[in-house]
Amino acid sequence: MTSDCRLRYPEPTFSAGPDRHLSTIGEIPITQPGSGRHHTNASVLLDLIRALAALVVLFEHWRNFFFVDFHEVVTHRLLLFVPYVLSAAGHQAVIIFFVLSGYLVGGSVFRMLERGTWTWTTYLTHRLIRLWVVLLPGLLLCYFWDSFGVHLHLAPALYAGDVPNHMLPHTPTIKSFFENLFFLQGILGPQFGSDGALWSLANEFWYYILFPLGALVVYRSSKIRTSTVMRASFALAFVAIAWLLRDTVLSGFPIWMTGALLYRLPTLKLSTRYRVLAAVVYVPIFFALAHVSFITGISSDYLLTVFTFFFFWIILSATGPATPSLAERATRTVAGFSYTLYVVHMPFLLILTALAAGTQRWVPDPRHVGIASSFLVLAMVYAYTIATLTEFRTDTWRRKFETWLKRPAHPASLPSQSSSPTGTSRLP
C-alpha cells in the first residue's frame, strides 16, 4: 500500500483533497451552484463526502508515517485488515476532490456566463485568493517544520527520503517555493519540502484556467459578446496550455470535467432509499480500486470517476431542506477546514514522526496505536487552528484585496464561499 496520491498516468518523474470555497482538495458547502439550494440535504451530504475524503488522505499519510505496511504485520492480521484497507485510498480521495471541484468551479463559470457577469479579473481573484490564502502560510510552515527537523538532526533519513514509508520529501529551496506558489509543482519541479500533498493543487489551478478558456470558445449568449478574434485567441491559448501540460497534469482534466458536466444535468427525483443504496454500492468500489492489481493507472482513475459521477448525481437528488443539528454543524466544520488540513498536515506529521518514532515504523500494538492516534488528533487541531486565521477568513482577505484594487467587492462566486466554518453560504 502506498500513500503517494499522485495521478498514476503520464506524470512527471518528481515524487508527489481542499476552496472551503473551493480546492481540492478539496472546497465546499454545496449543491447545485447558483440554484438557491445550498441549504439542502445534498449540500450536507456533499460536505460530508468532502470531509471524509480529506480524512482518508490524512489517515493514509498518518499510517504510512507511523506504522509498518500490512505485509509486515505478523499478529492480529484479521483485526487490522479493515484499518489497513481504509488507510490506502488517499489517491482515490483526490479523485473525489477533482470531481467536486469541477462541479463547483465549472458551475460557477457557467453561472457567470449565463448571467452575463463573466470577467477574468473577478474569476481569477476569487480562485487565486482562495488558493493562496492557505497555500502561502502552508509553504512557510512547511519550511519551518522541515528546517526545524533537519537542523536538529531529527531522524535525518526521514528528511532525505531514505525510509521506506512511501513518502519522498525534497529539500525545500527558494526555486521550489515559487514553483509551488505559482502551481508549477510536478511541471517544472517537485513539491515543496515534505509537503507531497501539494501535487494536486497544480492540477486544480490549471484546470481552473483551461475550463473557462474552452467555455468561452464554445459558449453563445446575447449577454456575453465575444468576437471571432477573441474566440480564436482563447482557443489558441487553450491548445497551447494543454500542449505544455500534456505530459503532466492534463490527463486528469477529463476527471475534473465530469464534475462540470454534473452542473448541466437535471436533478433526479429519488427517495432516500436510492441514495443509501448508491452509497452501499459506491463505498466498496472506492476502496477496492485502491487495492486491485488488474486495473491500475489511468484506467482505474477513470473508472472511479464514472462511479463517482453517478454517485454524486444521485446524492444531488436530496433537495429537501437541511435540518440544523449537531451532525450537520460537525460536517460543515470539518469540510470547512479540509483544504487547510490537506495543505498543512504532511510536514507536521513528519516532525512528529521524527520526534516520536524516528526511522523505525511501529508495529500496530495498543500502546503505539494510542500514541499515534493522539498525534492524529493533534494534526487535526493544528490544521483547524491555522484555518481560523486563513481558510475561514477567505472572504475577508478577498474583500481586502478587491478594496486594494479599488474594485467593488463582489459576493463569493461559489455557494460554498462563506466566512463561517459552519457553512453559512451565499450566492453570487
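The model is predicted, so local features need pLDDT of at least 70 and side-chain atom pairs count only at pLDDT 80 or more, while totals for chains, interfaces and linings use all residues. Residues are numbered from 1 along each chain as its sequence is written, and side-chain values use heavy atoms, with hydrogens and water left out.

Let's start with the largest pocket, which holds about 450 Å³ of space. Of its 20 lining residues, L48, I49, L52, A53 and V283 are the closest to its centre. Which helix gives the most to this lining? Helix 1 does, with 9 residues. The table shows the helices that each supply at least two lining residues.

| Helix | Residues |
|---|---|
| Helix 1 | 41–66 |
| Helix 10 | 272–288 |
| Helix 11 | 297–315 |

Helices here are DSSP runs of H or I with at least four residues, numbered from the N terminus.

Next come the aromatic rings: the structure holds 44 aromatic pairs. Rings of Phe, Tyr and Trp (its six-membered ring) pair if their centres lie within 6.5 Å; planes under 30 degrees apart count as stacked, over 60 as edge-to-face and the rest as tilted. F177 and F192 are edge-to-face because their ring centres are 5.7 Å apart and their planes stand at 80 degrees. This pair links distant parts of the chain, with F177 in helix 6 (residues 174–181) and F192 in the loop between helix 6 and helix 7 (199–218).

Finally, V82 lies in helix 2 (residues 77–86).

How values were computed: On a 1 Å grid over the protein atoms alone, a cavity is a set of points where a 1.4 Å probe fits but cannot get out, and a pocket is an open set with protein on both sides within 12 Å along at least five of seven lines; lining residues have an atom within 4 Å of a point. Grid points are joined across faces, edges and corners, and a volume is the space filled by probe spheres set on the points.
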